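Colleague: I am new to this structure and would like to learn how to read its features one at a time. Could we go through it together?

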Amino acid sequence: MKELQKPENQTLADMVYMFSEIEEEPFALCRFLRANKFVAADTLQRLRGESSSWEKARANDMYPQVEIALDCPKSLFLSQYPVKYIGQAKNGCPVSYLRAGRIQPEGLLCVTTIEKASNFFWHQSYHAFIHAMKRSQKIHPNVCRMEVVVVLDLDGISASTLASPDAMECVKLAGSVGDSFPETLHCLIVLNAPSYFSVSWRIIKRLIDPRTAQRIQVFSSQTKAFQRLHELIDLEHLPSDYAGLNTSLDDAFGDCDDDADPAKEIVGESNVDGTDTKISVNNTNTTIDELTPLNTRTQKQRIDTQLLSLKRQKTVKHIVKCKTGETLRSIRIHTRSSSSAKFHARTKSGTLLCDSVKVRGAQHNDGSTMTCSGGIELPLDTTAIATAEIEVVGEDQNDTPARFRDASRGWFLVEATLTRSV
């Protein structure tokens, strides 16, 4: 396309050749042309239409430091929006898993904002995708097409999630960002589809481009779904949730080692790289003080999260259970609720870990609330705790259920960090 060589179209050329370090020019051009049925004029028009949002993301280098872009730990974000590259398909494509049934928009809003979530989608579509492709090319050197296999698991999806404006906004943002990366979908496998979804898909299928429709397969039957996955993905790369031999999705998403791909052949290439954070709380403010990094060579971290609601009751509880060899290291509560709460934590035997720690969303000057965290850090020499009970109690007795109707009020996300020696 000669138009891309003109100086005024430099941004459009940058968009087409964004994967130049791993994608050859003919494949890049073909990818964009194929998305527009090889009509050059339509391809240029599409590029111009998406250039403004792309330039904004590019100005921030596609958000390489995603935790700064999100203003929260990546592992905590993934606990509420579980999407991750895990292993490769038999043809060399990276495989991305999205547990749509476990998306919790209220939990997302406890740790970040919808606007900042869009930064994650740019990071995922660019940096994480390149990282996944490089790993695939190490194992499959002949892989040259920038395509991914997507496994969309609808297990646990509810009508309330589908009706949630915040959930739909996240889906729209992910789709909008994806428009800047055309023809990167090799195939989409939809698992555990409810009956109403399967019926709707038969109708939708007739309305979309036939080439796109051919890449999408919807399964309500687990048996048929697993058979298809086994055709696409070797067992050592497939999570155990789908009768594979790889790690489970719960372990993959709970692992604080965000950059590690749990595929068997590359386990151990990366170590945990993070800092231990102490959160001090009093009745007026919340401060975060960084401590010395954990011994990354001997400690493995994972997080356990639970979203609690005080919308209809004054007290809610969550039980944290440590796996064999794990020790509970910290407990944090994240919220944007303008109504405060206190939380208590004790062991199964009744030993008090913390009492009446207050947490409440901080106030902006315009009256809106921002995410705030409160919690405790347990000493490193704490005797191993098998079970801890966390109780969150609404502090303001004047708060009735009616006052919690605002989306940001009444939601509290519990984050427990656990470690084990490796």
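Colleague: In which strand is threonine 387 placed, and does threonine 387 count as buried or exposed?

Modeller: Bear in mind that this is a predicted model. Threonine 387 lies in strand E16, which covers residues 387–394. Its relative accessibility is 19%, and because buried means under 20%, threonine 387 counts as buried.

Colleague: Which residues is threonine 387 in contact with, leaving aside its neighbours within four places in sequence?

Modeller: With those neighbours left aside, threonine 387 is in contact with Ile319, Val320 and Lys321, and also with Arg346, Thr347 and Lys348. For lysine 348, which is 39 residues apart from threonine 387 along the chain, the separation of the two C-alpha atoms is 5.5 Å. For the protein chain as a whole, 73% of the contacts between residues at least 6 apart in sequence join residues at least 24 apart.

Colleague: How should I read the packing of two helices, and at what angle do H2 and H3 pack?

Modeller: The general idea is that two packed helices are described by the angle between their axes and by the distance between those axes. Here helix H2 (residues 25–35) packs with helix H3 (residues 40–59) at an angle of about 95 degrees, and their axes are 8 Å apart. Since angles of 65 to 115 degrees count as roughly perpendicular, H2 is roughly perpendicular to H3. On the H2 side the contact is made by Phe32, Leu33 and Ala35, while H3 contributes Ala40, Thr43, Arg46 and Leu47. Sorted by class, this contact has five nonpolar residues, one polar and one charged.

Colleague: Which residues of H2 are buried, and what covers them?

Modeller: The buried residues of H2 are Ala28, Leu29, Arg31, Phe32, Leu33 and Arg34, and their cover includes helix H1 (10–16), H3 and helix H11 (210–214). After H2 comes lysine 37, whose phi is positive, near 55 degrees.

Colleague: What should I look for in a nonpolar core, and which residues touch the most other members of the largest one?

Modeller: In soluble globular proteins, nonpolar side chains tend to be buried together. In this model the largest nonpolar core has 86 residues, of which Phe19, Phe77, Tyr81 and Tyr97 touch the most other members. Helix H7 (residues 114–139) supplies the largest share of this core, 11 residues. A second, separate core has 23 residues, among them Leu308, Val320, Cys322 and Ala388. Val320 is also one of the residues in contact with threonine 387, the residue with which we began.

Terms used: Residues numbered from 1 in each chain as written. Predicted model: local features only at pLDDT ≥ 70, side-chain atom pairs only at ≥ 80, totals over all residues. Heavy atoms only, no water. Contact = heavy atoms within 4.5 Å. Axes fitted to C-alpha atoms, helices over the stretch in contact; angles between N-to-C directions. Helix = DSSP H or I, 4+ residues; strand = E, 2+ residues; numbered from the N terminus. Parallel < 35°, antiparallel > 145°, perpendicular 65-115°, else oblique. Nonpolar A, V, L, I, M, F, W, Y, C, P; charged D, E, K, R; others polar. Core = buried A, V, L, I, M, F, W, Y, C linked by side-chain atoms within 4.5 Å. Buried < 20%, exposed > 50% of the residue type's maximum accessible area, 1.4 Å probe, protein only.
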